[in-house]
Amino acid sequence: MAAPPPPGSLPPPLDEAAAVSLPPTEQPNPAYRQLYQSYVDAYGSIGQLRKALDPALKTLRGTDAWLGPEAREWGGQLDAQRGHLQKAADRILWDIYDRLSATQRVIARL
């Protein structure tokens, strides 16, 4: 699963200047602003999560700190967990992206 498009591919929340030009019956949706900011934050830091197990794998594969069949088995499990972690990271981004894409930027003024 690939990562979703970057935050810049979606319309940003309406700023104050744009909000003034809305009809009197509409207002910026605060939920859209919050989701957009959450997406920006998650997209910017998800790389850290995706690479969290890389140092452990590098150490295991790059040194002879631990050798033998148990090391290979454990390394295989670690590599599999790394794959699960990367998929979960992408799923987090897709979940926020999907929710944000389905949320309207403008709502009716109450």
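Colleague: What limits apply to the model and its numbering?

Modeller: Residues are numbered from 1 along each chain as its sequence is written. The model is predicted, so local features need pLDDT of at least 70 and side-chain atom pairs count only at pLDDT 80 or more, while totals for chains, interfaces and linings use all residues; side-chain values use heavy atoms, without hydrogens and water.

Colleague: How do you know that the span of H4 agrees with its number of residues?

Modeller: Helices are DSSP runs of H or I with at least four residues, numbered from the N terminus. The expected span is 1.5 Å times one less than the number of residues. For the 33 residues of H4 that gives 48 Å, and the end C-alpha atoms are 48 Å apart, so the two agree.

Colleague: Why is glutamine 86 called buried?

Modeller: Buried means under 20% relative accessible area, exposed means over 50%, and partly exposed lies in between (1.4 Å probe, protein chains only). Glutamine 86 has 18%, so it is buried. This residue lies in helix H4, and a polar atom of its side chain is 3.3 Å from the backbone oxygen of arginine 50.

Colleague: What makes arginine 50 and aspartate 90 a salt bridge?

Modeller: A salt bridge needs a side-chain nitrogen of Lys or Arg within 4 Å of a carboxyl oxygen of Asp or Glu. Here the closest N and O atoms are 3.2 Å apart. The pair links distant parts of the chain, with arginine 50 in helix H2 and aspartate 90 in helix H4, 40 residues apart. Aspartate 90 has a relative accessible area of 2% and is therefore buried, whereas arginine 50, at 28%, counts as partly exposed.

Colleague: How many salt bridges does a search of the whole structure find?

Modeller: The search finds six. Among them is the pair of arginine 91 and aspartate 95, at 2.9 Å from N to O. Both residues lie in helix H4, four residues apart, about one turn of the helix. Arginine 91 is at 34% relative accessibility, so it counts as partly exposed; aspartate 95, at 43%, is partly exposed too. Through shared partners, salt bridges also join Asp54, Arg61, Asp79 and Arg82 into one network.

Colleague: Why is the pair of tyrosine 32 and tyrosine 36 called stacked?

Modeller: Rings of Phe, Tyr and Trp (its six-membered ring) pair if their centres lie within 6.5 Å; planes under 30 degrees apart count as stacked, over 60 as edge-to-face and the rest as tilted. By this rule there are four aromatic pairs. The centres of tyrosine 32 and tyrosine 36 are 6.3 Å apart and the planes are at 25°, so the pair is stacked. Both tyrosines lie in helix H2, four residues apart, and both are buried.

Colleague: What makes tryptophan 94 and tyrosine 97 edge-to-face?

Modeller: Their centres are 5.4 Å apart, with 85° between the planes. Tryptophan 94, at 23% relative accessibility, counts as partly exposed, and tyrosine 97, at 16%, counts as buried. Ring pairs link Tyr39, Tyr43, Trp94 and Tyr97 into a cluster.

Colleague: Which residues form the largest nonpolar core, and what makes them a core?

Modeller: A nonpolar core is a set of buried Ala, Val, Leu, Ile, Met, Phe, Trp, Tyr and Cys residues joined through side-chain atoms within 4.5 Å. The largest has twelve residues: Leu10, Tyr32, Leu35, Tyr36, Tyr39, Ala42, Ile46, Ala89, Leu93, Ile96, Tyr97 and Leu100. H2 gives the most to this core, with six residues.

Definitions and conventions:
Helix = DSSP H or I, 4+ residues; strand = E, 2+ residues; numbered from the N terminus. Polar contact = N/O pair within 3.5 Å; in protein donor to acceptor, adjacent residues only side chain to side chain.
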